[in-house]
Amino acid sequence: MPVGPPLPGSPAGLRPEAIKAIPVRHPWRWVSTVVVVAIVAEVIYIFVTAPGMSWGAVQQYLFGRLILQGIVVTLELTVLAMVIGVVLGVVMAVMRLSPNPVVSWVSWFYIWFFRGTPVLVQIFFWYNLASILPHIALSIPGGHVLFHASTNDLISPFTAAILGLGLNEAAYMAEIVRAGLISVEHGQTEAAQALGMTRLLVMRRIVLPQAMRVIVPPTGNETISMLKTSSLAFVATVPELFTRQEQISNANFDVIELAIVASIWYLAMTSILTVGQYYVERYFARGTQRELPLTPLQRFRRMLFTFHAPPPQAGPVPSLPSQHP
Amino acid sequence: MVKAEAVHKSFGRLEVLRGIDLEVYPKEVMCIIGPSGSGKSTFLRCINHLEKIDAGRLSVDGELVGYRERGNQLYELPDREICRKRSEIGMVFQRFNLFPHMTALENIAEAPIQVKKMSRSTAEAQARSLLERVGLADKVKAYPNQLSGGQQQRVAIARALAMEPKLMLFDEPTSALDPELVGEVLDVMRALANDLGMTMVVVTHEMGFAREVGDSLVFMDGGVVVEAGKPREVLANPQHERTRQFLSKVL
């Protein structure tokens, strides 16, 4: 007789009774719960009852017009800088792995330079470029001017921030993408080459999609980081969330209150991004796991149904939700 | 179909191929056997230019692999030409190397769509009939990790066939399979040889397959062809001591 759970239809009596044992007690879990709750309560109490604290101001500014406008600008900065970062990062990573030494070297230099200088300095550089180059012109040899503009018109404070954040991000993304590309097994490249696919086609259709599974989690991390780093656009006087917070608190001196307002919004936005990241990762996991992991909603529903479910009994239990539809 | 003359190949200081001479004729099934490290897989990979040869001449269908000859001078082929030539040669790998992010159908239709610029509907119809041919009509939407090793290898064969190759290379196609799954892959290969009259070069350890399906058998050791001939004759009556030693261990 083979050992293991009885096959459907086999006599139920063959399976021994399910184990009923008294679980191990965890007294320290209760103690630590009490300690943590006490500390959190104390901290909240201190802030709520702080003598200089004006919760009314927090409430007033949380949905204030200037703050909401600042949020829109912060989101614009984040999205645009990440788009530049990801696109240019992929290009740089592919260039870095190119057999053409010049192309590979250009990419190496780019990463070395933009990763090696602070992003704050880079934003500052673009913002102040007009002080040394008042005009930017593009002309072909022979004197014909294709394009001519004042640097201040061309690089607005917003553009300066986008350039600083985006070009810096591209250097980091290039390394993330490169790590993803080299994580794909070489046999994949060979199989694709054997089918007659060109280098770029192999990269685009075979290697890059598989590398995404490795690329996406750190990219989500970078996006969340970018949302907060975009506050450096402050130095270019871009009216994003932190700039707005500064402007308001400079006028009314509710510094901590406005810091709390900004923190609530930054936390809210990063929380939404975290959820989004989960779903993107799930999409790129297809083909690597036999079944996709459950979404949080599915897991919650499953928990509601199975939390109080009785321990598995011998014999078929038709009412349990099936894991394999 | 394939002609090798004094083919040499080194990896750094290690000389893996030390003068291979052989010829594969159209519709021939050639099986290559030999101990590991004998250079048989490397030779196979040279045929579709996954490896570059250092010396000698290697040609497929009368055209040099990787070079063009004009006068007495060899010119390296540009990437595009190499890709075009590879697309006419099918290859099946020991580790299957299916694309894990694509279903069985997508794996097969990918190269016809991207390389041959076939329309998606035509490519998918062809992929379906190929899946049927390898006995996996019901696995159209399965991802590789939902398939057994034997099924994956059959999809890999279908994927190679989708490019309508004039030559198929098999690099130990059953070595990574559980023993009970070897048969289904060999059956598909046998059908290829018998029904389609496909020209095949098979690096293998399956002596039964070599005897039944192979038209010729090559024993390689130390980067050279030690012995070649009709499979039954070589297996039953090896002429060289080294062949005898090897066969006594694997038969």
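The predicted model has an ipTM of 0.92 and a pTM of 0.79. For chain B, pLDDT averages 93, and 100% of the residues reach 70 or more. Where pLDDT is low, predicted coordinates should not be read in detail.

Chain A contains 12 helices and 2 strands. Along the sequence, these elements are arranged as α-α-α-α-α-β-β-α-α-α-α-α-α-α. Chain A comprises 325 residues, of which 33% are classed as buried. When contacts in chain A between residues at least 6 apart in sequence are considered, 70% of them link residues at least 24 apart.

Two packed helices are described by the angle between their axes and by the distance between those axes. In chain A, helix α10 (residues 241-252) packs against helix α11 (residues 255-284) at an angle of about 165°, and the axes lie 9 Å apart. Because angles over 145 degrees count as roughly antiparallel, α10(A) is assigned a roughly antiparallel orientation relative to α11(A). The crossing of α10(A) with α11(A) is right-handed. On the α10(A) side, the contact is formed by Leu241(A), Phe242(A), Gln245(A), Ile248(A), Ser249(A) and Asn252(A). The α11(A) side contributes Val255(A), Leu258(A), Ala259(A), Ala262(A), Trp265(A), Tyr266(A) and Met269(A). Classified by residue type, the contact between α10(A) and α11(A) holds 10 nonpolar and 3 polar residues, with no charged residues.

Elsewhere in chain A, Ser107(A) lies in helix α4, which spans residues 101-116. The relative accessibility of Ser107(A) is 0%, and this residue is therefore counted as buried. Beyond its neighbours within four places in sequence, Ser107(A) contacts Met92(A), Met95(A) and Arg96(A).

In chain B, Phe93(B) occupies the loop that connects β8 (89-92) and α3 (104-114). Phe93(B) has a relative accessibility of 5% and so counts as buried. Once neighbours within four places in sequence are set aside, the contacts of Phe93(B) include Glu190(A), Ala191(A) and Ala194(A) from chain A. Within chain B, Phe93(B) is in contact with Leu50(B), Gln153(B), Asp171(B) and Pro173(B). The C-alpha atoms of Phe93(B) and Ser41(B) are separated by 9.9 Å in space, although the two residues are 52 residues apart in sequence.

How values were computed:
Residues numbered from 1 in each chain as written. Chains lettered and ligands numbered in written order. Predicted model: local features only at pLDDT ≥ 70, side-chain atom pairs only at ≥ 80, totals over all residues. Heavy atoms only, no water. Helix = DSSP H or I, 4+ residues; strand = E, 2+ residues; numbered from the N terminus. Buried < 20%, exposed > 50% of the residue type's maximum accessible area, 1.4 Å probe, protein only. Contact = heavy atoms within 4.5 Å. Axes fitted to C-alpha atoms, helices over the stretch in contact; angles between N-to-C directions. Parallel < 35°, antiparallel > 145°, perpendicular 65-115°, else oblique. Left-handed = near helix turned anticlockwise from the far one by under 90°. Nonpolar A, V, L, I, M, F, W, Y, C, P; charged D, E, K, R; others polar. pLDDT = per-residue confidence, 0-100.
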